[in-house]
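Welcome! Have a look at the model below, and then let us walk through it together.

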Amino acid sequence: MPNLTFLEVYEKIISIPTISAIDEKLDISNRQLIDYLGNLFSGLGFSISIQQVPEARNKFNLLAKLGTGEGGLLLAGHSDTVPFDEGRWNSDPFTLKQKDNLLYGLGTCDMKGFFAFILEALKDIPLNKLQKPLYILATADEETSMAGARFFAQQQLIKPDMAIIGEPTELKPIGKHKGHMAQSLNITGKAGHSSDPDKGVNAIEIMQMAIQQLLTLRDKLAKNYRDESFSVPQATLNLGHIHGGDGENRICGHCKLNFDVRCVPGLSDEEAIALIDEALLPVKQAYPDRVDMQLMYPTAPAFSCKNEHDIIALAERLTDFKVTNANYATEAPFINQLGCDTLVLGPGSINQAHQPDEFISLEYVDPTVTLIKNMIKHVCFSE
């Protein structure tokens with residue numbers, strides 16, 4: 001590997017567009033960045049595996065491995081970014097800009113810049129003396145479907161002892177977060193002239209019954225599924241978007257409601273879906289073949305660190321911050337499926353994520369590099 005500086009690596013990473021978007025016109029393959037990172041880690045002696053992600057548009061995961069044996073440490077992050085707001089940036093999103101000790105650019109904070117921190121930390125580590133394996137994972141499409149992390153969890157290629165996902169947490173360890181699922185409820189009525197309601201079936205009236213059932217479920221979730229460590233302790237259900245009918249003088253023939261549920265740890269996605277089905281069953285029985293519910297996109301489960309290898313105590317000692325939780329979703333539940341202790345922990349603030357003029361402070365460089373070095377030394381050089 002050429003002797004690149006931290007800023008040179010960061011600049012190159014930011015210069016490669018890796019946008020994930022539902023809209024195919026905005027979506028960009030991450031292959032160029034995956035190849036760049038693969039070359040850098042290969043130059044340090046890592047073995048490189050690149051896998052194409054199924055059900056994604058030309059997207060790839062990268063797994064770099066160094067060392068042999070069981071357990072070890074996984075440093076993970078996603079290679080993609082959200083789209084940027086055209087006209088709202090004061091500089092080119094793909095050109096790293098340094099000003100007032102800040103680095104500006106799309107992905108500087110959330111979060112592909114994290115790989116530059118990893119590479120910087122590896123410069124001073126005797127990698128030829130690892131006692132346990134060190135893994136680096138770069139995933140695809142975290143910002144949309146999390147397809148990369150889902151696929152990696154399904155493959156079960158590795159089983160490290162511990163994993164760190166370098167999302168922007170201000171270097172505060174995150175040990176829990178809620179999940180997220182979005183459902184679309186469609187009611188099919190029978191349209192007709194409003195002057196004779198008996199000749200039609202009003203989808204809005206059926207939807208009103210369904211909404212009452214969902215609101216009852218919302219209260220049940222708030223009572224029975226709670227985690228007091230969260231600022232909003234209950235599992236939540238939100239009615240987000242509704243549309244029905246096409247005229248005041250027509251019987252509504254179709255009504256659609258989109259709603260979401262945010263599960264706390266302890267409430268699985270499967271259990272939540274079963275509760276929704278149970279709540280809507282009376283409506284389905286009263287109106288056969290007129291009530292249909294579908295997931296809008298794959299669910300993101302709730303996450304809670306296993307802590308079987310005491311990663312929480314280690315992270316608290318190395319960061320001087322107590323473990324906390326977050327209300328946003330990450331790839332952590334999928335990395336957790338590898339069987340390892342997993343924490344979300346990285347430089348930068350979530351407040352800058354998905355924002356015009358996204359930035360990260362250079363003040364994070366030294367503490368983040370030190371943290372990564374200490375994690376590697378503790379996990380991969382221990383007896």
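Let us start with helix α6 (residues 269–286): its 18 residues reach 26 Å from the first C-alpha to the last, close to the 26 Å expected at 1.5 Å a residue. The expected span of a helix is 1.5 Å times one less than its number of residues. Helices (H or I, at least four residues) and strands (E, at least two) are DSSP runs, numbered from the N terminus. At Leu-280, α6 bends by about 45°, and a proline, Pro-282, follows within four residues. The bend at a residue is the angle between axes fitted to the seven residues ending there and the seven starting there. Among the buried residues of α6 are Asp-269, Ala-272, Leu-275 and Leu-280. Buried means under 20% relative accessible area, exposed over 50%, and partly exposed in between, with a 1.4 Å probe and protein chains only.

A word on the source: this is a predicted model, where local features need pLDDT of at least 70 and side-chain atom pairs count only at pLDDT 80 or more, while totals for chains, interfaces and linings use all residues. Residues are numbered from 1 along each chain as its sequence is written, and side-chain values use heavy atoms, with hydrogens and water left out.

Now step back to the whole protein. Its secondary structure comes to nine helices and 18 strands. The C-alpha atoms fill a box of roughly 80 × 45 × 35 Å, taken along the principal axes. Of the 383 residues, 53% are buried. One of the strands, β8 (residues 174–177), contains His-177, which is buried with a relative accessible area of 0%.

How many disulfides does the structure hold? It holds zero, a disulfide being a pair of cysteine sulfur atoms within 2.5 Å. The sulfur of Cys-252 is 5.3 Å from the closest cysteine sulfur, in Cys-255, so that pair is too far apart for a bond. Cys-305 has its closest cysteine sulfur in Cys-340, at 8.8 Å, which is also too far for a bond. Cys-252 is buried, with a relative accessible area of 3%, and Cys-305 is buried as well, at 11%.

On a 1 Å grid over the protein atoms alone, a cavity is a set of points where a 1.4 Å probe fits but cannot get out, and a pocket is an open set with protein on both sides within 12 Å along at least five of seven lines; lining residues have an atom within 4 Å of a point. Grid points are joined across faces, edges and corners, and a volume is the space filled by probe spheres set on the points.

| Space | Volume |
|---|---|
| Largest pocket | About 490 Å³ |
| Second largest pocket | About 230 Å³ |
| Largest cavity | About 50 Å³ |

The largest pocket is lined by 20 residues, with Glu-142, Glu-143, Met-146, Ala-329 and His-354 nearest its centre. For the second largest pocket, 13 residues form the lining, and those closest to the centre include Ala-21, Asp-141 and Ser-145.

The whole structure has four cavities of 30 Å³ or more. Residues lining the largest cavity include Phe-114, Ile-164 and Met-375, and helix α9 (residues 365–380) gives the most to this lining, with four residues.
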